[in-house]
Amino acid sequence: MRGRIVGVGIATALSVMTGAASAETLPARKAGLWESKTTSTDGNTTARQCIDEKTDQIAQAAFGGGQNCSKRTIVKTSTGYKGETECKLGPITAAGNTVITGDFNSKIHMEVDTTLTGLPNAKEPMRRQMVIDATYIDPCEAGQSPGDIILPDGKIVKMPQPAPR
């Protein structure tokens, strides 16, 4: 269950952070090691990710650009950003709202509210709410590559690299 929460948290954070097809784009995160703490009704988890400018852009494009989204907006507000999405993956529709604050150099705070419809064996839509607090830790540690996601159990997930053109 924890692995799924981490995956959902990271994917949600990155997909919300994509600026494709929207009037605004979010600032790039500071290069280095970031720790994300995700809190939801499914539980709490913490993961770390080593990023640089290139992997931040790849992550945003990979998690946001490949979705079939009829709506994806990011609007700058007086305190940060507000995102709204509606995406479809097979029979499942995900409609979400996100409020994002932070300076993108030392911290990012996201409040995500998503409603999933069309889930197999679910008679009613499922609402998922989560809070993600990401904090810059330091430069990436020795042996880490940009894009590495370090799960709570210490396993490292390598970010897929884009196919050569």
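In which sense do strand β3 and β4 pair, and over how many bridges? Colleagues, strand β3 (residues 68–76) and β4 pair in the antiparallel sense, over eight bridges. Two strands are said to pair if DSSP finds at least two bridges between them. Helices (H or I, at least four residues) and strands (E, at least two) are DSSP runs, numbered from the N terminus.

Before I continue, a word on the basis of these values. The model is predicted, and local features need pLDDT of at least 70, side-chain atom pairs count only at pLDDT 80 or more, and totals for chains, interfaces and linings use all residues. Residues are numbered from 1 along each chain as its sequence is written, and side-chain values use heavy atoms, with hydrogens and water left out.

To return to the hairpin: β3 and β4 form it with four residues between them. Within this pairing, R72 stands opposite T85 in β4.

I turn now to the aromatic residues. A search of the whole structure finds two aromatic pairs. Rings of Phe, Tyr and Trp (its six-membered ring) pair if their centres lie within 6.5 Å; planes under 30 degrees apart count as stacked, over 60 as edge-to-face and the rest as tilted. The rings of W34 and Y136 have centres 5.9 Å apart and planes at 75°, so this pair is edge-to-face. Since W34 lies in strand β1 (residues 32–40) and Y136 in strand β7 (residues 126–138), the pair ties together parts that are 102 residues apart in sequence. Both W34 and Y136 are buried; that word means under 20% relative accessible area, with exposed over 50% and partly exposed in between (1.4 Å probe, protein chains only).

The rings of Y81 and F104 have their centres 6.3 Å apart and their planes at 90°, so they too are edge-to-face. Y81 is in strand β4 (residues 81–89) and F104 in the loop between β5 (92–102) and β6 (107–117), 23 residues apart. Y81 is buried at a relative accessible area of 10%, and F104 is buried at 2%.

Each pair also has a lysine at one of its rings. The charged end of K30 sits over the ring of Y136, 4.3 Å from its centre, and that of K76 sits over the ring of Y81, 4.9 Å from its centre. The criterion is NZ of Lys or CZ of Arg within 6 Å of the ring centre and within 35 degrees of the ring normal.

Which charged side chains form salt bridges? The search finds eight salt bridges in the whole structure, each a side-chain nitrogen of Lys or Arg within 4 Å of a carboxyl oxygen of Asp or Glu. Among them, D56 bridges to R29, with the closest N and O atoms 2.7 Å apart. D56 lies in helix α2 (residues 53–65) and R29 in the loop between α1 (2–17) and β1, so the pair ties together parts that are 27 residues apart in sequence. D56 and R29 are both buried.

R48 forms a salt bridge with E35, the closest N and O atoms being 2.9 Å apart. R48 is partly exposed at 28% relative accessibility, whereas E35 is buried at 14%. These two residues belong to a network of salt bridges that links E35, K37, R48 and E141.

Finally, K158 and D148 meet in a salt bridge at 3.2 Å, N to O. K158 is exposed, with a relative accessible area of 51%, while D148 is buried, with 1%.
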